[in-house]
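Please read them with the coordinates open.

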Amino acid sequence: MRVLGSVAIAALIAGGASACKQDEGTSGGSANKACDLKIGFFGALSGADAGLVTPMKQGADLAVEKYNAENADCKVSVQAFDSQGKADLAGGLATSAAADSKIVAMIGPAFSGESEVALPIFDTAGLSVITPSATRPSLATKNWKVFHRGVGNDFSQGPAIASYIKNVLKAEKAFVIDDQSAYGAGLADEAKKVLGTTIIGTDKVVDNAQEFGAQISKVKTSGATVLFYAGYTEEAAPFLKQLRAAGWTGTFIGGDGINDANMLSVTGQKDVEGTVSTCPCGPATAAKGTFVTDFKAKYSVDPGVYADVSFDLANIYLEAIKAGKTSRADIQAFLSTYNKAGSASGVTYKWEPNGELDPAQVKVWAFKATAGAWAPELEIPKA
Amino acid sequence: MDFAELVRGFPELTTTGLVQGAIYALIALGYTLVYGVLRLINFAHSEVFMIGTFGAIWTWAVFGLDSNSGAPSVPKALLLIALAIVAAALLSGSVALLIEVTAYRPLRRRNAPPLAFLITAIGASYALMELMGTLTQRRQVGAPALLPTKTVISIGGWSITPVQLLTLVVAVLMMVGLDWFVNKTRFGKGIRAVAQDANTAALMGVNKSRVIALVFVLGGLMAGVAAVFSDMKSGNTRYNIGFLLGLKAFSAAVLGGIGNLRGAAIGGLLLGLVENYGSALFGSQWRDLIAFVVLIVLLMFRPTGLLGESLGRARA
């Protein structure tokens with residue numbers, strides 16, 4: 001019995017350890033000339049917020065798969081770095097990505113908090129990154145030469161949400177809650193500037209929270225008809241569910257952080273119906289070219305937000321590699337003069353010196369949870 | 001300090017605080033039982049609870065219910081909840097027993113120092129958490145909404161929903177039942193005897209190993225019941241849900257006087273209330289801080305907790 005016990009524990013521990021390593025991915029391809037190059041993908045591929053990031057990885061995989069079919073003699077692979085969306089895991093992952101000389105470019109990090117940790121490491125290593133979804137504005141003001149953003153930032157998303165609350169929902173009493181993350185707090189601040197006196201109350205939520213009794217009481221007693229939640233699905237889903245259970249019937253609106261399939265499935269169709277989420281990107285389900293059909297053929301689901309963006313960004317890197325830009329420095333130089341439209345999103349990718357996308361290309365869409373899916377509702381007009 | 005908010009929301013803050021407190025209390029009983037008998041903080045108890053939350057959701061899934069399904073009729077819902085309670089309690093109880101048999105018992109046989117128990121407890125906790133994290137891809141899983149959300153009782157500003165009512169009723173029943181079991185039955189006498197003096201109890205014919213196993217199972221059963229109500233209240237679960245809840249429940253046990261069953265119940269309810277009132281007064285970002293500051297301050301004046309340690313001490 002004694003021996004049996006120790007064996008069981010050893011097995012448990014070994015199982016946990018080996019499972020953690022699984023996510024690091026494997027590289028394929030032949031080993032001659034500059035061929036088995038890798039494009040890194042950095043973001044939450046497991047954990048509660050994986051619903052938002054998985055479609056991006058799928059978009060990048062799709063682009064690379066197409067490229068490899070056409071260039072079978074010199075393949076490229078995607079190496080995933082699963083941050084679980086946690087900033088405290090980002091440093092270690094970024095260091096190992098930077099140390100792998102086969103990785104010549106990076107898509108991600110997907111979230112703003114992990115970006116703040118990973119970017120200094122990538123910058124030192126000269127590894128170009130284009131994030132398909134991290135929207136905190138200050139990421140572009142830290143003088144990280146390698147930083148590029150493939151979408152708009154919260155200077156556009158925050159005011160757009162405010163404009164939606166005021167002009168589309170015509171709300172007079174809005175409550176604002178953020179999750180105190182780099183993304184959530186920043187987004188809430190930008191929206192608050194425009195919302196002004198429409199705001200009837202504010203509060204915070206802590207990371208990993210499960211119990212929202214105090215926030216729910218405040219929202220209900222305030223008489224708010226709209227609740228803007230700036231944060232991610234992990235907390236938003238149980239929060240919304242508990243709000244509904246407590247009898248609050250107003251409109252729940254969030255940014256791109258809740259624009260994922262898990263928000264719908266964890267909250268449950270009945271409670272999530274009518275919820276609004278925005279995205280500083282266009283609807284991936286209406287992407288151009290063969291992207292939507294190809295995506296559905298490969299994954300049997302509709303592409304989630306940012307899948308088309310990520311597909312286009314991977315293609316930019318692949319174009320560079322195809323043109324013989326096989327070092328990190330060459331790719332960085334390639335991006336600085338890039339000016340072409342993506343085949344799926346239709347956005348013209350052209351970056352300003354600080355890494356922000358050309359402001360003329362930025363658009364913000366609103367999506368509404370309708371019958372268990374995020375249905376594109378409208379493009380929010382610029383203020 | 002927002003006193004107006006506290007006054008406005010007082011009835012609702014009190015109800016939701018008591019419900020959360022009842023869940024803390026049920027988990028706290030597991031910490032306190034094991035401590036009372038073994039002088040061991042079973043840190044893996046939080047994962048016993050976490051596995052129970054999955055057990056309940058899996059049970060409902062067997063009947064084809066997930067977060068998207070509509071609410072069943074009330075009698076059917078009550079039956080499903082009862083089934084989930086049995087399933088989660090059995091699962092949590094078994095996991096607790098498994099931890100005792102595979103991790104702690106071998107240490108006791110070798111007379112390991114207390115530090116070995118402590119690190120084993122933390123190790124078992126992490127191993128279980130990571131195991132479930134890996135098995136569930138660290139996803140959060142939604143629970144079905146079983147009971148209607150309309151209020152059942154409403155007096156003045158005070159109202160209560162079916163889930164809240166059921167949580168409080170069942171939690172009180174479980175606590176009273178456990179108190180009766182420990183104080184009035186033959187098995188309970190065995191538990192108290194081992195808690196007072198394990199070696200003398202053994203000389204008197206009490207099977208020490210069996211009593212310890214029983215204590216772990218009892219704690220697991222309570223955690224399993226708490227898990228079902230946590231699922232219904234928060235509407236979801238995930239692999240790391242036990243960490244903070246476990247820590248809070250452990251604090252509740254210390255607050256009431258660790259080793260003391262009634263203390264754990266009072267400590268849990270009190271902690272739930274203090275957290276809610278504090279969040280209303282200072283803002284929800286201060287929630288966890290308030291809880292632990294209250295604990296520290298209270299321990300300064302009453303180092304053994306509100307009711308003091310008692311399971312094995314006093315007259316028993």
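1. Ala371(A) sits in the loop that links strand 13 (365-370) and strand 14 (373-379) of chain A. Helices (H or I, at least four residues) and strands (E, at least two) are DSSP runs, numbered from the N terminus. Although Ala371(A) is not a glycine, its phi is positive, about 50°. Ala371(A) has 8 C-beta neighbours inside 10 Å and counts as exposed. The burial classes use C-beta atoms placed from the backbone: 20 or more others within 10 Å is buried, 12 or fewer is exposed, and in between is partly exposed.

2. This is a predicted model, in which local features need pLDDT of at least 70 and side-chain atom pairs count only at pLDDT 80 or more, while totals for chains, interfaces and linings use all residues. Residues are numbered from 1 along each chain as its sequence is written, with chains lettered from A and ligands numbered from 1 in the order in which they are written.

3. Asn143(A), also not a glycine, has a positive phi of about 60°. Its place is the loop between strand 4 (128-131) and strand 5 (147-149) of chain A. Asn143(A) is exposed, having 9 other C-beta atoms within 10 Å.

4. A cis peptide bond runs from Gly108(A) to Pro109(A), with omega near -20°. Pro109(A) belongs to the loop between strand 3 (103-107) and helix 4 (112-125) of chain A.

5. Strand 10 (residues 276-279) of chain A is covered on both faces: Val276(A) and Thr278(A) are buried on one side, Ser277(A) and Cys279(A) on the other. Side chains in a regular strand alternate between the two faces of the sheet. Strand 10 of chain A pairs in the parallel sense with strand 9 (residues 251-254) of chain A over two bridges; pairing requires at least two DSSP bridges. Here Ile253(A) has Val276(A) as its bridge partner. Strand 13 of chain A runs antiparallel to strand 10 of chain A, joined by four bridges, and Phe367(A) is the bridge partner of Ser277(A).

6. Which residues does Phe228(A) contact, leaving aside neighbours within four places in sequence? They are Ile161(A), Ile165(A), Ala174(A), Val176(A), Ala191(A) and Ile253(A). Contact means C-beta atoms, placed from the backbone, within 7 Å.

7. The contact between the chains takes 46 residues from chain A and 43 residues from chain B. Helix 1 (3-38) is one of the helices of chain B that each supply at least two residues to the side touching chain A. Helix 1 of chain B gives the largest share of that side, eight residues.

Conventions:
Two residues are in contact if their C-beta atoms, placed from the backbone, lie within 7 Å.
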